[in-house]
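This report describes how helices pack in one protein model. Two packed helices are described by the angle between their axes and the distance between the axes.

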Amino acid sequence: MDEKKARSRKLDRYFRLSNCTTRSELASLLNISSVFLTNVIYIQKPDNLYRSFNIPKKSGGHRVIFAPAPQLKEIQSSLAHLLLDCIDAINIKKGENLKLGKPFISTLSHGFSRKKSIITNAEKHRNRRVILNTDIEDFFGSFNFGRVRGFFLKNRNFQLFPDIATTIAQIACYNNALPQGSPSSPVISNLICHTMDIRLAKLASKHSLYYTRYADDLTFSTNKKEIPVEIAINKGGQYEVGIALKKEIHRSGLSINHGKTRVNFKDSRQDVTGLTVNKKINTNRHYWRLERSRCHYLFMTGDIPDDGGSYDLESKISRLHGRLNFIDTIDRHNRVNLAKIEQHIISNKSINGILKEDIEEVLLGKDNNKKTKRNKKLNSREINFSRFLFYRNFYNNSKPLIICEGKTDNIYISCALESLSPSYPGLIEHDKKEKKYKKLIKLYEHTKRARYLLDIHGGADHLLDFIRQYEKRFSYYKAPISNSPVILLLDNDTGPKAIIQYLKNTLLKGTGIDPKNEEFIHICKNLYLVLTPLSNKKDTSMEDFFENTVLKTKVNGKSFNPSNDAATDTTYGKHIFSTEVVKKHKNSISFDMFRPIFDRIVAVIEHYESIKNSL
């Protein structure tokens, strides 16, 4: 969805909610049936709709989580998305009123908000002399049913019809509070706390401080030597929240968790929502070293040491993936920000109070050989993450992995496989009772980050480097191998010309074998090449396996042009064809011409099963 359509959709949903008068209209906005909404909210017993459990806190004790039942979670998730759209619409309107030429962007609340995170929260306090962190006591529990309902009744951006405000509160609340564990609790708490955020930001600005909030974590920072006493009072090295700050928080109906109030100076490690912010945003060293050691153990043994819970191996790998991705997100953030800073190094002695020497140190690291460090494509953390991604996707992939040239081919293969599922039970299962398909293969999703970390690009020509490096990367690991084939599924035209020539000059040299005429080519290890079958000895692409009636389908009066994805006045390209023709009409399209492609995939899987133990 393009930006203009998304903007229009959000404004429309906000307008519809503002004018909603019946539960049926609200159910429609939530994309659920009125009967389903009534059954879950009014008929089922509340105690049957939640499951409670405890999770340990880092500071000791435990936190009670109330996990909603699937049917209630679906409603709460829909409500959360609706309210997030409303927030975006309110900011669009505010941007128009202020004549900004774009939506207004609030920099105060960063928790559970679109395009915000603990990283954007921490960035606001990077490189400050003093940082104050404090915490709100029983945050979600502070918002009872009456307060939630009253907000949607009285807030000038909503002022909803009473029955609608009541129903929203009934969806969101449990035991007269917003439950921690509900998808809708964070966005509703943010809406209610917005007035407090504005007041605290004004108080902070009055005393030359910066303020942000991430859920129940409040952070203030300054370049002054000390935090003003109105904000925090130093009592023999221990800090307490100041009277002015305490007054504003209490005014909002909230209480301070005094045990979590702390002040950090620049000469010590400064943390904001778990990230260090002294010079650049970062995780603490122990966190990174622990994840690196877990990776090494996985790469060498195929297992991960105790992960703080009774998880199976796949769950432990998924959890490790999440933590590595988090570290990588921070690295990307720093790389983008530092690139901006680097552009100004030559002409500026300092930027935002950061000395030129400090910038150089952060950009280049503490390595004495700065030139070598700068010319490296990946830093040590990126190298580790790339190895993890290769291990999970290629070295120890649990399902056969199909790598097509791009997103459109993935859509073709997915739709064709669903249509032909009875003929290929080894590739896909159809649960007729649940009306769901379970693919027994995996289609690789091309991303910019994978392109950067693994040199795996969409498009046949770009895959040559991936092929060249595959065996060397594979040999790094010592863990037992229990994997499936990785299949490059490419058009049999001029696109993979470089790959075909490379294979002729290396693997197939002297054999006279031409990959264009073969069912498949086993390149190395578990890596295979499959080209679309030739048609009467002529080149083919994936689109050639659709019937002519499908290829001639018009969209908004335009005809399909497979050679150019950019739309013209009379034609449309592959992306529109894949989404508006193939995906939208998959149940009525014949995919019989795709059978030879799936036959080749099945042949590869059978071949690898026969040789994998000897590799």
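The crossing of α15 and α20 is left-handed (the near helix is turned anticlockwise from the far one by less than a right angle; clockwise would be right-handed). The model is predicted: local features need pLDDT of at least 70 and side-chain atom pairs pLDDT 80 or more, while totals for chains, interfaces and linings use all residues. Residues are numbered from 1 along each chain as its sequence is written, and side-chain values use heavy atoms, without hydrogens and water.

Helices are DSSP runs of H or I with at least four residues, numbered from the N terminus. Axes are lines fitted to C-alpha atoms over the stretch in contact, and angles run from 0 to 180 degrees between N-to-C directions.

| Helix pair | Residues | Angle | Axis distance |
|---|---|---|---|
| α15 and α20 | 407-419 and 574-583 | roughly 20 degrees | within 9 Å |
| α8 and α9 | 185-206 and 243-251 | about 170 degrees | 10 Å |

Given its angle, α15 is roughly parallel to α20 (under 35 degrees). Their contact (heavy atoms within 4.5 Å) involves T408, I411, Y412 and C415 of α15, and K574, H575, F577, S578, T579, V582 and K583 of α20. These residues divide into 5 nonpolar, 4 polar and 2 charged. Here Ala, Val, Leu, Ile, Met, Phe, Trp, Tyr, Cys and Pro count as nonpolar, Asp, Glu, Lys and Arg as charged, and the others, Gly among them, as polar.

Helix α8 is roughly antiparallel to α9 (over 145 degrees). R199, L200 and L203 of α8 meet A244, L245, E248, I249 and R251 of α9. This contact has 5 nonpolar, no polar and 3 charged residues.

Notes:
Helices (H or I, at least four residues) and strands (E, at least two) are DSSP runs, numbered from the N terminus. Angles under 35 degrees count as roughly parallel, over 145 as roughly antiparallel, 65 to 115 as roughly perpendicular and the rest as oblique.
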